[in-house]
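Subject: Handing over a structure

Hi,

Here is the structure I promised to pass on to you. Have a look at it first, and then read on for what was found in it.

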Amino acid sequence: MAGSTPDTAMITISAETIARKLKGRRTSVGWICHCPSHDDKRPSLAVAEGRHGRVLVYCFAGCKQWNVIRRLEQLGLWNSFKKGVRLDRGLYCR
Ligand SMILES: [Zn+2]
């Protein structure tokens with residue numbers, strides 16, 4: 001049975017989707033996941049749902065958010081940079 005996963009343009013990737021793929025744990029403010037951008041022994045990537053459906057990511061181990069997002073993109077877990085990327089209080093958002 002084929003799923004109904006959209007594969008391009010209008011895909012909306014929620015913080016929860018990212019967290020589930022990265023086997024994240026729910027926290028009071030979002031999720032904490034293994035960071036795809038470095039060899040993460042213990043989960044250090046915070047993923048949260050921002051306002052207006054934007055997703056916030058932050059690696060406590062010090063990865064540049066740019067790099068984290070690049071990796072998420074490669075994993076198909078991030079909408080492309082084309083529009084809406086902003087630096088918001090140190091967090092890249094979409
Ligand atoms: Zn990291």
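A word on burial to begin with: a residue counts as buried if 20 or more other C-beta atoms lie within 10 Å of its own, and as exposed if 12 or fewer do. By that rule, 29% of the 94 residues of the protein chain are buried. Please keep in mind that this is a predicted model.

Now for the overall layout. The protein chain has two helices and six strands, and from the N terminus on its elements follow the order α-β-β-β-β-α-β-β. Among contacts with a separation of 6 or more, 41% come from residues 24 or more positions apart.

Four strands make up an open sheet, ordered 1-2-3-4, with antiparallel pairing. Strand 1 (25–26) and strand 4 sit at the edges, each pairing on one side only. Between strand 3 and strand 4 there are five bridges, again in the antiparallel sense. Val47 has Val57 of strand 4 as its bridge partner, and Ala46 stands opposite Tyr58 in strand 4. These two strands form a hairpin with five residues between them, and His52 in the turn has a positive phi of about 60 degrees. Helix 2 lies across strand 3 and strand 4, and runs at about 120 degrees to strand 4.

Most residues other than glycine have a negative phi. Lys23 is not a glycine, yet has a positive phi of about 55 degrees. Is Lys23 buried or exposed? Lys23 has 10 other C-beta atoms within 10 Å, so Lys23 is exposed, given that the cut-off for exposed is 12 or fewer.

Methods
Residues numbered from 1 in each chain as written. Predicted model: local features only at pLDDT ≥ 70, side-chain atom pairs only at ≥ 80, totals over all residues. Pairing = 2+ DSSP bridges. Contact = placed C-beta atoms within 7 Å. Axes fitted to C-alpha atoms, helices over the stretch in contact; angles between N-to-C directions.
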